[in-house]
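This briefing looks at charged pairs and aromatic pairs among the side chains. Have the sequence and the structure in view while reading.

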Amino acid sequence: MAIRLSQILRQSSLLFANKAASSSYVGVPKGYIVVYVGEFEKKRFVVPISFLSQPSFQELLRKAEEEFGYNYPMGGLTIPCREDIFIDLTSRLN
């Protein structure tokens, strides 16, 4: 899983470097990452990078990898799950 995390962080860094002026990254504090969540309509969330190492969050990352590989259609990490499930999971991680 360490390889996947490093790939995700590297991809995010490259996206950020290429889109630094983009509104997608405005207001994202250091140590956080933008993720887009939803089955059909995607909603933007800003979560701590530390979530990436949590087993429950890693399961969502595996689903994202299965569906999108490392090519994220929203320009940031896209997680294909229901918004309410994502909110429940992240509230337990906080």
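**Charged and aromatic side-chain pairs**

K43 has a relative accessible area of 40%, so K43 is partly exposed. The model is predicted. K43 takes part in a salt bridge with E83, and the count for the model comes to four salt bridges. There are also three aromatic pairs by count.

- Side chains of opposite charge can pair when their charged atoms come close.
- In the pair of E83 and K43, the closest N and O atoms are 3.4 Å apart.
- This pair links distant parts of the chain, since E83 belongs to helix α3 (residues 83-93) and K43 to strand β2 (residues 43-48), 40 residues apart.
- E83 is partly exposed, at a relative accessible area of 30%.

- R62 and E59 form a salt bridge whose closest N and O atoms are 3.2 Å apart.
- Both R62 and E59 sit in helix α2 (residues 55-68), where three residues, about one turn of the helix, separate them.
- R62 is partly exposed, with 27% relative accessibility, and E59 is partly exposed, with a relative accessible area of 36%.
- D88 and R92 form a salt bridge in which the closest N and O atoms are 3.1 Å apart.
- Because D88 and R92 are four residues apart in helix α3, about one helical turn separates them.
- D88 has 41% relative accessibility and counts as partly exposed.
- R92 has 60% relative accessibility; the cut-off for exposed is over 50%, so R92 counts as exposed.

**Aromatic pairs**

- A pair of aromatic rings is described by the distance of the centres and the angle of the planes.
- Among the three aromatic pairs is the one formed by F45 and F86, which is tilted, with 5.0 Å centre to centre and 55° between the planes.
- F45 is in strand β2 and F86 in helix α3, so this pair ties together parts that are 41 residues apart in sequence.
- Both F45 and F86 are buried.
- F51 and F57 form another tilted aromatic pair, at 6.0 Å centre to centre and with 55° between the planes.
- F51 is buried, and F57 is buried as well.
- Which residues form one aromatic cluster? The cluster consists of F45, F51, F57 and F86.

Note on methods. Residues are numbered from 1 along each chain as its sequence is written. This is a predicted model: local features need pLDDT of at least 70, side-chain atom pairs count only at pLDDT 80 or more; totals for chains, interfaces and linings use all residues. Side-chain values use heavy atoms; hydrogens and water are left out. A salt bridge is a side-chain nitrogen of Lys or Arg within 4 Å of a carboxyl oxygen of Asp or Glu. Helices (H or I, at least four residues) and strands (E, at least two) are DSSP runs, numbered from the N terminus. Buried means under 20% relative accessible area, exposed over 50%, partly exposed in between (1.4 Å probe, protein chains only). Rings of Phe, Tyr and Trp (its six-membered ring) pair if their centres lie within 6.5 Å; planes under 30 degrees apart count as stacked, over 60 as edge-to-face and the rest as tilted.
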